[in-house]
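Thank you all for coming.

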Amino acid sequence: MNSTNYVLNVVFPEEFNATSKARQDVARFLLREGYIAFDLKIPKTKLSVIPVIKQAVKKFKRGDTLVFQYPTSMGFIVDTALLGVLKTKGVKIIALIHDIESLRDTYPKYRFDKSVAFEARFLNGFDYVITSNVKMSQVLVAAGLKVACSELEIFDYYRRAGKIGFKQFSSATKFRVNFAGNLKKSKFLKEIIVNHPKSLGELTFQFFGIKPNYQSIAQNVVLEGPYPPSVLPEQFLGGFGLVWDGDDLATCSGPLGNYLRYNNPHKLSLYLSAGLPVVVWSQSGMATFVRTNGVGLCVDSLANLEETIKLLTNEEYLEMVNKARAIGVRLNDGYYTKSSVNRALRVIGG
């Protein structure tokens, strides 16, 4: 009997609305490759989750393969139950990691151990693990991850079917810094929006998101409204896309900033999908990808950013734009998702 490849798609009750674009895009690209969507409809009460899981997995047979988008966002109990039932049916399971919650100190603690070692032991229940980047792989292996693993490198970002177009970014815009996301999330954002410290020099900032209710806005700051993910890449007018988090401008500090050492923020994919070069923290998990592909700047502190851009020639900036566009084409096609899953299938024999 022929085996079937599935991709997990967790469907939440409407009021949760918890499905992210990153998860949607993983499913989209794999469905194009002939995968079947495993739609797991989560009930409103966790008490009825186990019966739902047992009913949902009846379609699986021994030798099938599932790309499990980890975590499900329904909590460790649901993830454990789903993994356990699938393993008893002889399904090969690839974990594609979106987040490692034990590395994110802001995540609510469970009543039991939720250390990195605990999460690594849980991941050993999978047949293969796709981590976000090398730094995430290293910390998980050090914590006890034993199964085969490799790195996604970056999340893909679907814009539209077919060939995508890019705006013509001028080198005259290179002192513009764009940031898209939750504008109330981190302390460093308020510092820029309200004060625009002298250390930032003549940099101008364009923010995309729900506007915070601050009494004053600094001069070199423009607040745009939020845009749907499908059209947001078309709103950038040049410069750089900023991937930064935490409490201050000097470094990525605090729990949110420290998590950048290991994860792949989706806004990195957003910027590059638009052909926009990026600025990332030099100690982040993304820095190697940015340096290797020549798609942006890696800085220790935002206080150094203006000077770093001044040292960049117009030709060098435009070269970054061209390289960012090349990555953007790959992201729209699902290159990194397909490559990493195919690599896993070669190892586990799916």
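This is a predicted model: local features need pLDDT of at least 70, side-chain atom pairs count only at pLDDT 80 or more; totals for chains, interfaces and linings use all residues.

What percentage of the 350 residues in the chain is buried? Buried residues, meaning those under 20% relative accessible area with a 1.4 Å probe and protein chains only, make up 52% of the 350. Residues are numbered from 1 along each chain as its sequence is written, and side-chain values use heavy atoms, with hydrogens and water left out.

The chain has twelve helices and twelve strands, which are DSSP runs numbered from the N terminus, helices being H or I with at least four residues and strands being E with at least two. Its radius of gyration, taken over C-alpha atoms, is 21 Å, close to the 20 Å that the globule rule (2.2 Å times the number of residues to the power 0.38) gives for 350 residues, so the chain is as compact as a globular protein of that length. Its C-alpha atoms fill a box of roughly 65 × 45 × 40 Å, taken along the principal axes.

Let me turn to helix α4. Six of the eight residues of α4, residues 116–123, are buried, so this helix is largely enclosed by the rest of the structure. The buried ones are Val116, Phe118, Glu119, Ala120, Phe122 and Leu123, and what covers them includes the strands β3 (65–70), β4 (92–97) and β5 (128–131), together with the helices α3 (76–88) and α5 (134–142).

Terms used: Buried means under 20% relative accessible area, exposed over 50%, partly exposed in between (1.4 Å probe, protein chains only). Contact means heavy atoms within 4.5 Å.
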